[in-house]
Each structure stands twice: as C-alpha cells, then as structure tokens.
Amino acid sequence: MSVIDKKYREKCWLTRDDYWKCLDTNKEEKEKCLQLRQLFESSCPATWVTHFDQKREYDIFKRQLALGEVETDKLKSIKGPSKP
Amino acid sequence: MSMISHLFSIRATTCLTRNILRPTPIRLLSSASPSANKATNANDHILPKELPSSEKRKAKFNISWKTVSVTFIGAASLIAFIYFLDQRKMQKRKVLQRAAVGKMAIGGPFSLITHERKPVTDKDFRGQWLLIYFGFTHCPDICPEELEKLSEITDLLRRDKSTQKNPFQPVFVSVDPERDTPELVSTYIKDYSPHFIGLTGTREQVAEMCKHYRVYFSQGPKVGDDYIVDHAIIMYLINPNGEFVDYYGRNKNAKEVAYAIEQHMNTFKESNK
C-alpha cells in the first residue's frame with residue numbers, strides 16, 4: 001500500500017475529513033477526537049499528516065482573517081509551520 | 001541813375017529769355033524732322049507686338065509635354081520613395097517579430113521519457129495543443145485536485161474534437177525524478193484519464209524543462225524515507241507550433257479553462273487559414 005494506490009489516497013482523505021469534522025463539531029478540542037486522530041495518522045504517510053495539519057491551521061487563520069476576528073496581538077502568538 | 005538802371009534791366013531780360021528758350025529748340029527739332037518721328041513709331045509698334053507673342057509662347061511652354069513629363073516623373077519618384085520607406089518599415093517589423101519569437105520568455109525545448117519509457121522531445125508534440133501540469137505522484141492533495149481538473153478539461157475539449165484540426169494533449173510532468181519512475185507515473189496518471197501522457201527523466205532533464213517554463217520546485221525536509229516537493233501550481237498551454245500561449249492557476253475551474261483554451265484554438269485556426 002502506498003500513495004500511488006488510489007484507494008489508499010481516498011482512505012487517507014476520508015479519515016482526514018472525518019477527523020476535521022470532529023474538530024469542527026467539538027470546537028477544536030483535540031481531546032475529544034483522539035480515536036479519529038489515531039486512525040488518520042495510521043491511514044496517511046507522516047509527511048501528509050504534517051502537511052494537512054499545517055493546511056488546516058492556515059485555513060482556519062484565513063477564515064478568521066476574512067471575518068475580522070483576528071486581533072493584532074493574536075497575530076504574534078500564531079505558531080509558524082511546525083518543524084518536522 | 002536812370003540810364004544805369006535801364007541797362008541792368010536789359011541784361012536781366014536777356015538772361016531770362018535764354019533760359020526759357022533752351023528747352024524749346026528740342027521740341028522744334030522733333031517736330032521739324034519726320035524721320036525721328038518714324039523711328040519712334042517703329043519702336044512703339046515692335047514692343048507691343050513682341051511682348052504678347054513671347055507671353056503666349058511661354059504659356060504654351062508651361063502646358064507643354066515637357067512640363068507634363070517632369071510632373072509625372074516627380075510623382076513616380078515620390079511614390080517609389082514612399083514604397084521604399086514602407087518596405088523598410090515592414091522589414092523592421094518582421095525582424096522584430098522574429099526576435100520576439102526567438103526570445104520567448106516561457107517555454108522551450110525539453111528531452112524526457114514518457115510513462116511508457118519512450119524518449120520524447122518538444123518536437124515530437126508539434127501539431128498538438130498541450131496543457132502541461134508539473135507535479136509529483138506523492139502529492140498530498142493539490143496535485144490530485146489539479147489532475148482531476150485536467151481530466152475534466154480533457155473531456156470537455158474532446159467532445160468538440162471534430163471542429164478542431166489539431167488534437168488536444170494533456171501532459172503531466174514529474175518534478176520528483178528521484179522517486180517517480182515511468183512505471184509509477186503510469187500507474188498514477190491512469191487513475192485520472194486514459195488520455196494523459198506522463199513525463200519524467202533525470203534530475204538534470206527535469207530541471208532544464210522547469211527552468212524553461214519558470215516552474216519553481218523544491219524538495220522539502222525528509223521524514224524517514226518520505227518527503228514532499230513544494231512546487232508552483234500552474235497549467236501551461238502550448239500551441240501546435242510549440243509556442244507558449246497562456247497559463248491557468250488554481251483559481252480557475254475546469255469550465256473556465258476549457259472555454260479559454262477553445263478561444264485560443266479558434267484564434268489559432270483563423271490565423272492559420
């Protein structure tokens with residue numbers, strides 16, 4: 001099994017979407033989505049997991065920025081891309 | 001006293017008389033000699049006769065064949081000069097056009113291997129419209145999304161296949177030559193469309209093509225044996241003459257891209273009739 005296999009890719013994306021849906025439902029409380037997190041990490045390559053985590057963080061930031069919910073002091077506290 | 005005054009008056013009268021009489025002799029002479037009168041009359045007759053005749057001759061000369069021929073030659077010379085300037089101007093334009101074409105900013109030659117292990121160059125694709133996407137098989141999400149879009153574009157354009165003379169060919173180029181062998185690329189592209197051609201090659205070959213097409217790509221940090229290649233997300237449209245025509249980013253959907261390409265195809269078709 002590898003990313004070259006379409007079914008593998010689709011499973012990875014599915015577990016990612018399920019995990020993100022859980023986070024949306026529980027207002028980003030990771031403690032309530034641990035089981036889905038483990039499934040997500042086991043279904044995707046490590047580099048993809050890192051990539052998707054960064055992507056989600058960026059998407060949330062973009063959404064907040066568009067809604068004007070980001071304060072100037074928050075901008076400083078936002079973490080940069082995690083170093084692998 | 002009276003005798004002296006009388007003498008003085010006589011002398012004065014004599015002087016006055018002489019002064020008055022001087023112009024008179026000329027008149028008398030002219031009236032007296034008829035030959036002089038005849039000479040004068042002859043002169044008067046000659047001048048009026050000559051002037052009108054000479055003027056008439058000059059008028060005829062101005063409208064004569066010499067004038068017409070000179071005017072004609074002048075006009076012909078002017079026309080020739082204008083034509084010469086026009087030709088030179090067109091020549092300069094052609095030279096500039098050639099220079100512009102020769103110095104194309106995006107696009108250029110490449111030498112790679114297809115997913116069927118067949119060596120190809122840019123010349124092998126002459127006569128075809130190419131839509132080229134640069135990605136890699138281990139791409140997490142963007143490449144699959146873009147390749148799905150490319151597949152949809154292909155389907156849209158192949159529907160109107162009969163109206164276009166030159167066929168449309170989607171191309172996937174791997175920017176990860178270390179991992180993407182022809183076999184992997186072959187398996188990968190078949191998930192999206194049977195019409196795709198996948199290209200790969202040595203690192204140098206891929207780098208050269210990416211340089212010509214101004215494609216940014218960079219291998220990211222490794223996690224074990226795995227890594228992600230960061231790269232520009234752009235599709236390039238190449239016309240049947242091998243010239244770069246247009247590019248499409250992530251913000252365009254399949255229908256928008258297909259419509260834009262159809263416009264380019266029609267323009268190319270019209271200009272090559």
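Guide: Two strands pair if DSSP finds at least two bridges between them. Helices (H or I, at least four residues) and strands (E, at least two) are DSSP runs, numbered from the N terminus. This is a predicted model: local features need pLDDT of at least 70, side-chain atom pairs count only at pLDDT 80 or more, and totals for chains, interfaces and linings use all residues. Residues are numbered from 1 along each chain as its sequence is written, chains are lettered from A and ligands numbered from 1 in the order in which they are written, and side-chain values use heavy atoms, without hydrogens and water.

Visitor: How many bridges join strand E1 and E2 of chain B?
Guide: Strand E1 of chain B covers residues 111-114. In E2(B), B:Pro119 is the bridge partner of B:Ile113. E1 and E2 of chain B run antiparallel, and their bridges number three.

Visitor: Which strands of chain B stand at the edges of the sheet?
Guide: The open sheet of chain B has seven strands with mixed pairing, in the order E2-E1-E5-E4-E3-E8-E9. An edge strand has a single partner, so one side of it is left without a neighbour in the sheet. In chain B these are E2 (119-121) and E9 (244-248).

Visitor: Which helix of chain B lies across E9?
Guide: Contact means heavy atoms within 4.5 Å. Helix H6 of chain B (residues 182-190) lies across E1, E4 (168-174) and E5 (197-200), at about 150° to E5(B). Across E3 (129-135), E4, E8 (235-238) and E9 of chain B, at about 170° to E9(B), lies helix H8 (residues 254-271).

Visitor: How many salt bridges are there over all chains?
Guide: A salt bridge puts a side-chain nitrogen of Lys or Arg within 4 Å of a carboxyl oxygen of Asp or Glu. B:Glu145, B:Glu146, B:Lys149 and B:Arg250 are linked in a network of them. Over all chains, the count is 16.

Visitor: How many residues apart in sequence are the parts that A:Arg56 and A:Glu28 tie together?
Guide: These side chains form a salt bridge, 2.7 Å from N to O. A:Arg56 lies in helix H3 (46-67) of chain A and A:Glu28 in the loop between H1 (6-25) and H2 (34-43), so the parts tied together are apart in sequence by 28 residues.

Visitor: Is A:Arg37 buried or exposed?
Guide: A:Arg37 forms a salt bridge with A:Asp53, with the closest N and O atoms 2.9 Å apart. A:Arg37 lies in helix H2 and A:Asp53 in helix H3 of chain A, so this pair ties together parts 16 residues apart in sequence. Buried means under 20% relative accessible area, exposed over 50%, partly exposed in between (1.4 Å probe, protein chains only). At 18%, A:Arg37 is buried.

Visitor: Where in chain B does B:Arg117 lie?
Guide: B:Arg117 meets B:Glu183 in a salt bridge (2.9 Å, N to O). The pair links distant parts of the chain, 66 residues apart: B:Glu183 sits in helix H6 of chain B, B:Arg117 in the loop between E1 and E2.

Visitor: What share of chain B is made up of buried residues?
Guide: Chain B has eight helices and nine strands. Of its 273 residues, the buried share is 33%.

How values were computed. Axes are lines fitted to C-alpha atoms, for helices over the stretch in contact, and angles run from 0 to 180 degrees between N-to-C directions.
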